[in-house]
Amino acid sequence: VEAIATPNLAVAKTVSGDVRAREISSPSLSLGTVSGTVIASALKVRTLDCTSISGDVRLSNLQVERMTAKTVSGEILFDGNLTRGGRYEFNAHSGGVRVILAADTPGFELDASTFSGSIRSDFPVTLRQIGGNPSGRRGPSNRAMRGTFGDAGAILAVRSFSGTVAITKR
C-alpha cells in the first residue's frame, strides 16, 4: 500500500507487504501490516499509530503530537522532532528501537526499558531512582532508564524485550 499526498487519510493497512505513507495531513492516521515494513515520512497528523507484526517501522520527518509505534519482530527507527506536550511510545518485542533527535532538542521525559538488551542515550538524562535494587548490584541498571532531559516538554516511552534502545543525536 502506498499513499502519497492523500488528504484526510485515516487508515492504510495490508496483510502481506509494505505500507508507505508520505506527505499526508490528517487528524488521525493508522498504518499497519502483518508481514512487511511500515514507512512513514513527511506526515502532519495529530495522532499516529503504526504497527507491524513481522517487519520494521521506519518514521522520519513527522509533525505529530501523539504517536504509537509497535512491532513484534522487527526494528523501530524514529528520526524526527518531538513536539512540546507530545507523547511518543515505541514498543519492539524482538528487535531494537532507535530514536534520532536534533542536537538542539529542548527536552523530554524518558521512560525506557529492555529485558535482555541495553539502553543508551546521547542526551544527558537526569535519572530518577527506579524502585529498590533487588538484584543487589551497585550502580545504575543498563536495562531501565527513567529521567528527564532539558525542559521535559515531551514524553518518550521506549520498550524493547530483546533489543537495544538508543536515543541518539542527529
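Select A157 and show what surrounds it: leaving aside neighbours within four places in sequence, A157 is in contact (heavy atoms within 4.5 Å) with Y88, E89, F90 and D111. This is a predicted model, in which local features need pLDDT of at least 70 and side-chain atom pairs count only at pLDDT 80 or more, while totals for chains, interfaces and linings use all residues. Residues are numbered from 1 along each chain as its sequence is written, and side-chain values use heavy atoms, with hydrogens and water left out.

A157 lies in strand 16; strands (E, at least two residues) and helices (H or I, at least four) are DSSP runs, numbered from the N terminus. With a relative accessible area of 11%, A157 is buried; buried means under 20% relative accessible area, exposed over 50%, and partly exposed in between (1.4 Å probe, protein chains only).

Next, select F90. Beyond four places in sequence, F90 touches L59, M67, A69, I76, F78, V97, V99, L156, A157, V158 and R159. F90 is also one of the residues with the most contacts inside the largest nonpolar core, which has 42 residues. Such a core is a set of buried Ala, Val, Leu, Ile, Met, Phe, Trp, Tyr and Cys residues joined through side-chain atoms within 4.5 Å. L31, L48, L59, F108 and I167 are listed with F90 in that group.

Now show the aromatic rings. The structure holds six aromatic pairs, where rings of Phe, Tyr and Trp (its six-membered ring) pair if their centres lie within 6.5 Å; planes under 30 degrees apart count as stacked, over 60 as edge-to-face and the rest as tilted. F78 and F90 form a tilted pair, 5.5 Å centre to centre with 50° between the planes. F78 is in strand 9 (residues 76-79) and F90 in strand 10 (residues 87-92), twelve residues apart. Both are buried.

Move to F115 and F161. Their ring centres are 4.9 Å apart and their planes at 5°, so this pair is stacked. F115 counts as exposed, at 55% relative accessibility, and F161 as partly exposed, at 38%. For another ring, select F123: K169 lies over its face, at 5.3 Å from the ring centre (the criterion is NZ of Lys or CZ of Arg within 6 Å of the ring centre and within 35 degrees of the ring normal).

Then display charged side chains. The count comes to eleven salt bridges, each a side-chain nitrogen of Lys or Arg within 4 Å of a carboxyl oxygen of Asp or Glu. E89 meets R87 at 2.8 Å, N to O. R120 and D122 meet at 2.9 Å, N to O. In the bridge between E109 and R128, the closest N and O atoms are 3.8 Å apart. E109 lies in strand 12 and R128 in the loop between strand 14 and strand 15 (144-150), so this pair ties together parts that are 19 residues apart in sequence. D111, R146 and R159 are linked in a network of salt bridges.

Finally, switch to a cartoon. Nine strands form an open sheet of mixed pairing, in the order 2-4-6-8-10-16-12-15-14; two strands pair if DSSP finds at least two bridges between them. Strand 2 (11-16) and strand 14 (126-127) stand at the edges, each with a single partner strand, so one side of each is left without a neighbour in the sheet. Strand 2 runs parallel to strand 4 (residues 25-35), joined by five bridges. To end, select V11 and its bridge partner in strand 4, S30.
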